[in-house]
Amino acid sequence: MNDRDLIERVLNGETRAIARAITTVESGADGAAELMKAVFPKTGNALVIGITGSPGAGKSSLVDKLAFYYKDKGEKIGIVCIDPSSPFSGGAILGDRIRMATLGLDKNIFIRSMATRGNLGGLSRATVDAVAILDAAGFDKVIVETVGVGQDEVEIVKTADVSVVVLVPGMGDDIQAIKAGIMEIGDVFVINKADREGVLRTQKELESLLSLAHRPDFWNPPIVKTVATESKGIEDLSKAIESFKEFQDNAAEGSLIRKQAIAHWRLLELLQERLLHDLLDKNGTREKLDRAALDIAEKRKDPYTAIEELLTTK
Ligand SMILES: Nc1nc2c(ncn2[C@@H]2O[C@H](COP(=O)(O)OP(=O)(O)OP(=O)(O)O)[C@@H](O)[C@H]2O)c(=O)[nH]1
Ligand SMILES: [Mg+2]
């Protein structure tokens, strides 16, 4: 498959080409930029749903049920999960593999996990690119699942059209702890595992936290209760997602500001990656970096001097 072929097949929605295109952007291989240039104009039709929450909250279970719900309505669904082997996720790797094997059998559901976390970052860039590829390939819904820990993960969910934050009952202290990170990004809140005790209390705590928050768009995030394992509340969740989408569509100005903010963040990220790559690719830079690291470790040099030297010497 040459590059032109690949692009054409992706836009045709061919599964193998989509998988290959995602691998291309993930590894930052040659042709990734050309691919994304061709993909960009074809994006904007899918509804991108970001799902985040603490480890084990039931995100994967919810995503699966939501995907089947949409599929039953005749839609095509792409799922991108971030690194199930990340140190934060509690290591449900095997479970996630089995899950992918099962879901992957359905031709209207495409599931992919992004596992690369290179030392130069790029995870969020590659994930957002993967979402764009699925969008351009004709998927109606693209669901991105990330564990709500870590800056990358939060940024990724922010780029979604609708961000869903998943909580579980009886996590009072957790709510306090995570609110700084993910509370403000939730357009929709889910209390999953609603078959457990303490649902009402969690709901009250959540409501009082939300009443303190001031969103620039004045949206009032709905709270949905679900039992993912029993497929309960999935339709309510889909309605809540839809209601935010409609709200966004009607608030054209607000949504433009949101899109502009996302584009700004993406540009900075691409620039950062590109500048770093260009610099490191220069002859001898990697060796200089190694040497400087040794100098710093042995206290012969401080990191600030090392950086100045690295940037000024040709
Ligand atoms: N009782 C109950 N258990 C649930 C519910 N939803 C999920 N679980 C269970 O909770 C556990 C974690 O579910 P996952 O869907 O893997 O959670 P996750 O948030 O994707 O987990 P990580 O990706 O590891 O962060 C599994 O054993 C599920 O069966 C629910 O509504 N009620
Ligand atoms: Mg999961």
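Q: Why is Lys-193 called partly exposed?
A: This is a predicted model, and the values come from its atoms. Lys-193 has a relative accessibility of 22%. Buried means under 20%, and exposed means over 50%. The value 22% falls in between, so Lys-193 counts as partly exposed.

Q: Where is Lys-193 found, and what is its phi?
A: Lys-193 is in the loop between strand E6 (188-191) and H9. Its phi is positive, about 60 degrees, although Lys-193 is not a glycine.

Q: What makes Lys-299 buried or exposed?
A: Its relative accessibility is 76%. The cut-off for exposed is over 50%. Lys-299 therefore counts as exposed. Lys-299 lies in the loop between helix H12 (285-297) and helix H13 (303-312). Phi of Lys-299 is near 60 degrees, a positive value in a residue other than glycine.

Q: How do you know on which side of H9 the buried residues lie?
A: The buried residues of H9 are Val-199, Thr-202, Gln-203, Leu-206, Leu-209 and Leu-210. They cover an arc of only 130 degrees around the axis, so they sit on the same side of H9. On the other side, Leu-200, Arg-201, Lys-204, Ser-211 and Leu-212 are exposed.

Q: How does the reach of helix H9 compare with the expected span?
A: H9 (residues 199-212) has 14 residues. It reaches 20 Å from its first C-alpha to its last. The expected value at 1.5 Å a residue is 20 Å, and the reach is close to that.

Q: What puts the buried residues of H3 on the same side?
A: In helix H3 (residues 32-39), the buried residues are Ala-32, Leu-35, Met-36 and Val-39. Their arc around the axis is only 95 degrees, which means that they share one side of H3. The face turned away from that buried side carries the exposed residues Ala-33 and Lys-37. Cover for the buried residues of H3 includes helix H1 (3-11), helix H2 (15-27) and H6.

Q: Why is Thr-127 called buried?
A: Its relative accessible area is 0%. Buried means under 20%, so Thr-127 qualifies. Thr-127 sits in helix H6 (residues 123-136). Not counting residues up to four places away in sequence, Thr-127 touches Val-80, Ile-82, Met-114, Val-144 and Ile-156.

Q: What makes strand E3 mostly covered?
A: Six of the six residues of E3 (residues 109-114) are buried. Both faces are covered. Ile-109, Ile-111 and Ser-113 are buried on one side, and Phe-110, Arg-112 and Met-114 on the other. In general, the side chains of a regular strand alternate between the two faces of the sheet.

Q: How do you know that strand E2 pairs with E3?
A: A pair needs at least two bridges. Six bridges join E2 (residues 77-82) to E3, and the two strands run parallel. Ile-82 stands opposite Met-114 in E3.

Q: Why does Leu-47 count as buried?
A: Leu-47 has a relative accessibility of 6%. The limit for buried is under 20%, so Leu-47 is buried. Leu-47 is in strand E1 (residues 47-53). Beyond its neighbours within four places in sequence, its contacts include Asp-140, Val-142, Val-162 and Ile-241. Leu-47 and Val-142 are 95 residues apart in sequence, and 6.2 Å apart in space, C-alpha to C-alpha.

Q: Which residues coordinate the magnesium ion (ligand 2)?
A: Ser-60 (OG) and Glu-145 (OE) do, at 2.0 to 2.4 Å. The pair links distant parts of the chain: Ser-60 in helix H4 (residues 59-72) and Glu-145 in strand E4 (residues 141-147), 85 residues apart.

Q: What makes Ser-60 and Glu-145 buried or exposed?
A: Ser-60 has a relative accessible area of 17%. Glu-145 has a relative accessibility of 8%. Buried means under 20%. Ser-60 is therefore buried, and so is Glu-145.

Q: How many of the residues of the protein count as buried?
A: Of its 314 residues, 46% count as buried. The protein has 13 helices and seven strands.

Methods:
Residues are numbered from 1 along each chain as its sequence is written. Chains are lettered from A and ligands numbered from 1 in the order in which they are written. This is a predicted model: local features need pLDDT of at least 70, side-chain atom pairs count only at pLDDT 80 or more; totals for chains, interfaces and linings use all residues. Side-chain values use heavy atoms; hydrogens and water are left out. Helices (H or I, at least four residues) and strands (E, at least two) are DSSP runs, numbered from the N terminus. Buried means under 20% relative accessible area, exposed over 50%, partly exposed in between (1.4 Å probe, protein chains only). Contact means heavy atoms within 4.5 Å. The expected span of a helix is 1.5 Å times one less than its number of residues. The arc is that of the directions from the helix axis to the C-beta atoms. Donors are N, O and S atoms within 2.8 Å of the metal (3.2 Å for Na, K and Ca); water is not among the atoms, so sites may look incomplete.
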